Amino acid sequence: MTFHITLVRAMEILDSRSRPTLSVTVGLPGGFSAHAAVPSGASTGSQEAVELRDNDPTRYHGAGVRRAIGHVNGEIADALRGRDFADQADLDRTLTTLDGTPNASRLGANALVGVSVATARAAAAQAGTPLWQYLSTDDAPPLLPVPHFNIVNGGAHAPNPLEFQEFMVAPLGARTVAEALRAGSEIYTCLRHRLTVCGHSTALGDEGGFAPDVTEPEYALRLLVRAITDAGYPTGPHGVAIALDPAANAFRQSEGVYRVNGQTLTSSDMIARYRQMIDDFPIWSIEDGLAEDDRTGWAELTRTLGSRIQLIGDDIFVTNPTLIAQAVDDHIANAALIKPNQIGTVTETLRAITVCQRAGYAAMISHRSGETDDTFIADLAVGSGCGQIKSGAPARGERVAKYNRLLEIEYRHTELPYGLGR
Ligand code: PGA
Ligand code: ZN
């Protein structure tokens, strides 16, 4: 699918945390132009591609992105404008070669991913293809993914004392996105009511989930089960299951040592705690149960629980195909979280998914805690056929935009199946 680029332009906009980010426009002949807005994480892995910030304390407390915008409007536009590209991979190779560093640190991953995603959208439009179809590969058929709604927030995403970052509900038993969304919304509403009845705050965290003043993860799990039941859904693999992202980097004390709810725990203690949680609650997936530098712990976690539940690597893999391939060799985790801005381009993101699919690892597409109304990840989840997405609560515009895009795809393409695909 060849295309010719006529326009590349970026401007500074705000994300959902009131921090600056990029909106990139790419134009192709025939009036085909498309935008992409770039998300931003708060609990980041140390090996993520570099998000370029201005560090100019006189603007936005240093968080401005004028340097990245300068790179898009200058060097990148100069290199792309007036050129033909054989396909998305050709465009993305041009971007990474121009940057010249292994982690996009010269031009900024925020600059590269904005250009890459806007181009994908414009090229799909020009070809008359839905974006999800443009993103599909030979490794898995397109599939409407199971949404994972993050309804209790803690960790780096909320000011409450809860160390675990994300408590998600996943309607595994739903038959369509529409059914899954309804379940997520009804459970969210029941949880709000339950929190009020129990005298907890219904303040929200960065991803739209509630951020009650609780500390014990098991207490939050009890609230979740209660909300699922109150909403009238069965719990478990045929109803609504629970997925956790403790994001253990944030409560790691030192290598292999963690601090949860006032207790100091070793990696083995953490694994025993997770085992108990899996026994007591309908948990089907745990992401970043241990910190990125705790590879021994991760291997033990995988040996101990890997046959019972999904174990996702986020901060430890950072959507990097090489790191995922290494983890497959080392028997670490059995799934990877996929965030395009962690790696920098659409092609590298698709490669990370392909590495997972060929190794028998699952992949879950993810938003960032700092988001915009951009819905690219919904199309990516459908096109890649990975069967799973997380985009925060079933509330707040920037979260719901992705879920609503899934609904739209489902409505227009009734032939697409829904589910985990496994
Ligand atoms: P982040 O959080 O976007 O703040 O990194 C999401 C996650 O940890 O999965
Ligand atoms: Zn995570």
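Biologist: Which residues are the closest ones around ligand 1?

Modeller: This is a predicted model, where local features need pLDDT of at least 70, side-chain atom pairs need 80 or more, and totals for chains, interfaces and linings use all residues. Residues count from 1 along each chain as written, chains are lettered from A and ligands numbered from 1 in written order, and side-chain values use heavy atoms, without hydrogens or water. In all, 15 residues surround ligand 1, each with a heavy atom within 4 Å. The closest are A42, S43, R368, S369 and K390.

Biologist: How far is the polar side-chain atom of K390 from an oxygen of ligand 1?

Modeller: Look at polar contacts, pairs of N or O atoms within 3.5 Å. The H157 side chain has an N or O atom 2.8 Å from a ligand 1 oxygen, and for E287 that distance is 3.1 Å. For K390 it's 2.6 Å.

Biologist: How much of ligand 1 does the protein bury?

Modeller: On its own, ligand 1 exposes 280 Å², by Shrake-Rupley with a 1.4 Å probe. The share covered by protein is 100%.

Biologist: Which residues coordinate the zinc ion, ligand 2?

Modeller: Donors are N, O or S atoms within 2.8 Å of the metal (3.2 Å for Na, K and Ca). Here they sit at 2.0 to 2.2 Å, spaced D-x41-E-x26-D along the chain. The zinc is held by D245, E287 and D314.

Biologist: Are E287 and D314 buried or exposed?

Modeller: E287 belongs to strand β12 and D314 to the loop between β13 and α9, so the pair ties together parts 27 residues apart in sequence. With buried meaning under 20% relative accessible area and exposed over 50% (1.4 Å probe, protein chains only), both are buried.

Technical notes: Helices (H or I, at least four residues) and strands (E, at least two) are DSSP runs, numbered from the N terminus. A polar contact is a pair of N or O atoms within 3.5 Å; within protein, one must be able to donate a hydrogen and the other to accept it, and residues adjacent in sequence count only if both atoms are side-chain atoms.
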